[in-house]
Amino acid sequence: MAQTGRTWTAARSSAAAWFLAPAVLLVAVLVLVPIGQTLWLSLHDAAGRDAVGAANYADIFTAPEIRRALLNNAIWIVVVPNLVTAVGLLAAVLAQRVRRSTAVRVVLFMPMAISLVSAGVTFRLVYDESPDRGVLNAVVVGVHDTFKPPSQYHGARARDGQALTPRDGGLQTTQPVTDREPVLLPLVGLAPRQLPKSATQAGTSGIVQGTGLRGVVWSDFLAVGGRPGAVDTGELGLPGVDVEVLRSGTVVARTRTAADGTFHLPQLTGQDYVVRLAAGNFTEPFAGLTWLGPSLVTPALIGTYIWIWAGFAMALVTAGLAAIPKETLEAARIDGAGEWQVLRAVTVPLMRPVLMVVLLTLTVNVLKVFDLVLVLAPESAQGPASVVALEMWRSSFDNIGRSSALGILLLVLALPGVLYNVHRLRRSER
Amino acid sequence: MTALRLATIARTAAGAATGCVLLLTAACTTATGTAKPFAGQTVEVAGSWTASEQANFERVLREFGKQTGARVRYTPGGSDLDVLLSSRIGGGKPPDIAMIPQPGVLARYAATGAAKPITGQAAQAVRAHFSPQWQRLGSVDGRLYGVYFKAANKSIIWYRTEAFTAAGVQPPRTLDELTVVSQTLVDSGTAAMTVPGADGWPLTDWFENVYLQLAGADRYDMLAAHQLPWTDPTVVETLRAMGRYWASPRFLQGSWNGALQTTFTRSVADVFGPKPGSAMLYEADFVTTEIDKLGLYRVGGGARYFAWPSVDGTGEAVVAGGDAAVAFTDRPATMALIAYLATPEAAAIMATRGGFLSVNQDLDTAVYPDATTRALAETLLHAPTLRYDLSDMTPRTFGGGNGASMWRILQSYLAAPQTDPAVVAARLEDAATKAYGVL
């Protein structure tokens, strides 16, 4: 190219200038001018009037919320392009092996047709905290409850100032108890629908008389006229509560309450017993995970992003795979390479240029991620989930200088990826 | 104009063509004096209302159009009204009128000159129909900029009557009673309160109500103007009271983690939906629309409210919100529409359809569709102490929109209610200093 320049005539170079002019004009108006303007604004105050030097840049590098956003962007950049490319590569290779591979590819590619905003709305439902609404938590809770069913009386607590004190998640009698009178163990905080159907009026008659240690566990709550700590008509006993009796620290007997909430251990006589309702009676039901809470929100967002972009990676990798000569793969297999070795030692090296394109495109894209965070993360988690582009957008309404500084920061961060792509393009032209 | 007459008209056909005859405002006289003075002109109004509120408001605008010949177009901005406005103003083509909920935003537009003062007949109409306090709320440096067409009563707590009956409790009147009632509700086996912490503004409303009760109106005003630092002991005390309530076991539905995931619409369903999870909901009057939409509990029957509890059970201090019509052009048609929005007739069109409170003094409260709404509106008109939503009076970056620092700080406080309130107060003061500094 360079040596031909000398032989150009003036006419030819002016013709070239004419042909180039529209493109140059477009680039100047649509790209260079806005960049220049943003740069100028980033050196000015909130209203874009007075010059403030580098103050905006100092501000964005010290503000804790921006630091958080930068950290999140770093996580996105490290995790997402690699994971998406890996998933895309795997899907592309595996899709070759199944029948109706086109159908599989179409399904995998379909999320690409969905805008990030609609995907965000959809996944808001998937990640919903309540297992009644969120698919993911419904699965998690279902699996958990199969192995560890929730206890019957979760949420119960001892009546204030009465016989029981909390200990190790369970409840135990405050004072040592004796066999002379029934032990009253009042609980509150139980919804009527939480009690089993078999529960009957809390029993007193059966245990007032009799010998040995005896007592009653019951729901000590009446809307009207209930006496705290006393068994009233209308208060139900709690059946099936595991009761342990301890004497000087060791369990001497175990039993379970009857339908009227009573228990009776005739063999235990004397005094200095401690009655304990073990923690297992009150285990809280597993409520699933707070996917969109501060700690899991970024992984949840990344999951959605991968769901959307894996199809893109797969499509490009599939095209790249088609270009690999079949003979090379055959040769490797004949030489005794396993499928994994073929993938690692032959396919991936041959595909490196394609994979680089996928990786870089994703890196630049991920850097700009914004709409997904805005839509999917609930307001309360937008601080922990924040990314630079989101902070830029937020600042733009009150502080155009700071917002522009963030825009320039994003540009600078994206530049290496873009430059590498340009560099590669020129190399492949040669 | 008799109130009865107006009420009848509003009830039968809100858009009665004779409406203008009833109006005393001078603006309307011009409207009738020359038939259809604005024929062929277009007036654009932007607001945050969507869905049924939008439909009702468009009825009001149509009625204005019918009287004056102007074509009125409504642009719904939703929760991004501020985005819409700032970009339209930046582009030099603002809507003629915007319904702005935050006095802080209004003050900013007044300062930059984007908002136009209300003058002439429109100003007279506002003076005739609104109390001095609401006029002041619409003014910046003594000049009138906004008409509070819609108002909200934010000092109420909604409850499900069946949950209260099952627990045998009565609506509390003091803050201490609120704790006792909540504990009894918990003992009866239900969570006490649903807090939509996924949205930031309900938390700021919590703060404002407790603060107004604990610290009083004077300090409230000083804090709103940032003449009082957020590290003031009264703020710390308020935060402590909130944190104590939030941290009490089972007081909040789903605990604080769950509260932070609960959005406004969901919160209403959590209390008044098919599977109610708690007994009380702190939200402003506009919840009625959502309760009606769910259709399981009748407002005034299964769903009732009590006034925000005070320290000693006396006096009623109300935190109010609203939407002010603010002019961004000073064309005669714009001012005429502002004048029209200040009339009781315009308010009646929306009031009859529910989900709307007006602070127009000359609106007959008989037009409200039910006793609950009427009572809410009357509280706004007659409350001995009324203060505007504090966070809406602060700069937008601090209290007035998605991602505002006060919202975020209160959300992180809800996420960890055991945090030392003094630390939270210090964070608030930090953010406030920054936000007021930029202004």
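This is a predicted model: local features need pLDDT of at least 70, side-chain atom pairs count only at pLDDT 80 or more; totals for chains, interfaces and linings use all residues.
Okay, let's start with a helix. Nine of the ten residues of helix α17 of chain B, residues 332-341, are buried, so this helix is largely enclosed by the rest of the structure. The buried ones in α17(B) are B:A333, B:T334, B:M335, B:A336, B:L337, B:I338, B:A339, B:Y340 and B:L341.

The largest core has 144 residues, and the ones with the most contacts inside it are B:V326, B:L337 and B:I338. If you want to click on one residue, take B:I338: leaving out anything up to four places away in sequence, it touches B:I97, B:I118, B:A122, B:V147, B:A325 and B:A327. There is also a second, separate core of 53 residues, with A:I60, A:A95, A:L372 and A:V387 among its members.

Staying with chain B, let's look at how its two domains meet. Their C-alpha centres lie 29 Å apart, and 26 residues of domain 1 are in contact with 24 residues of domain 2. On the domain 1 side, the elements giving two or more residues are α6 (103-112), α8 (132-137), β6 (146-153), β11 (317-327) and α19 (371-382) of chain B. Which of them gives the largest share? That would be α19(B), with six residues. Sorted by class, the domain 1 side has twelve nonpolar, twelve polar and two charged residues.

B:G77 sits in the loop between β2 (71-76) and α5 (81-90) of chain B.

B:A191 brings us to a sheet. It is an open sheet of four strands in chain B, ordered β8-β9-β7-β10, and the pairing is mixed. At the edges stand β8 (191-194) and β10 (303-307), each with a single partner strand, so one side of each has no neighbour in the sheet. From one strand to the next the twist averages 25°. The β8(B) strand pairs with β9 (residues 278-282) of chain B in the parallel sense, over three bridges, and B:A191 stands opposite B:S278 in β9(B). Packed on this sheet is helix α10 (residues 175-187) of chain B, which touches β8 and β9 and has a direction at about 120° to that of β8(B).

Now over to chain A. This chain is divided into domain 1 (38-137 + 291-429) and domain 2 (157-282), and 58 Å separate the centres of the two, taken over C-alpha atoms.

Chain A has an open sheet of four strands too, in the order β1-β4-β5-β8, with mixed pairing. Which strands stand at the edges here? They are β1 (157-158) and β8 (262-265) of chain A, each with a single partner, so one side of each is left without a neighbour in the sheet. Four bridges join β5 (residues 213-219) of chain A to β8(A), and these two run antiparallel. In that pair, A:R214 stands opposite A:H264.

In chain A, β2 (residues 164-167) and β3 (residues 170-173) pair in the antiparallel sense over four bridges, with A:T165 opposite A:Q172. Two residues lie between the strands, and A:D168 in the turn has a positive phi of about 50°.

Last stop, the place where the chains meet. The contact takes 25 residues from chain A and 30 residues from chain B. By class, the chain A side has twelve nonpolar, nine polar and four charged residues. That's my tour, thanks.

Definitions and conventions. Residues are numbered from 1 along each chain as its sequence is written. Chains are lettered from A and ligands numbered from 1 in the order in which they are written. A nonpolar core is a set of buried Ala, Val, Leu, Ile, Met, Phe, Trp, Tyr and Cys residues joined through C-beta atoms within 7 Å. A residue is buried if 20 or more other C-beta atoms lie within 10 Å of its own, exposed if 12 or fewer, and partly exposed in between; C-beta atoms are placed from the backbone. Two residues are in contact if their C-beta atoms, placed from the backbone, lie within 7 Å. Domain bounds come from an automatic or database domain assignment. Ala, Val, Leu, Ile, Met, Phe, Trp, Tyr, Cys and Pro count as nonpolar, Asp, Glu, Lys and Arg as charged, and the others, Gly among them, as polar. Two strands pair if DSSP finds at least two bridges between them. Axes are lines fitted to C-alpha atoms, for helices over the stretch in contact, and angles run from 0 to 180 degrees between N-to-C directions.
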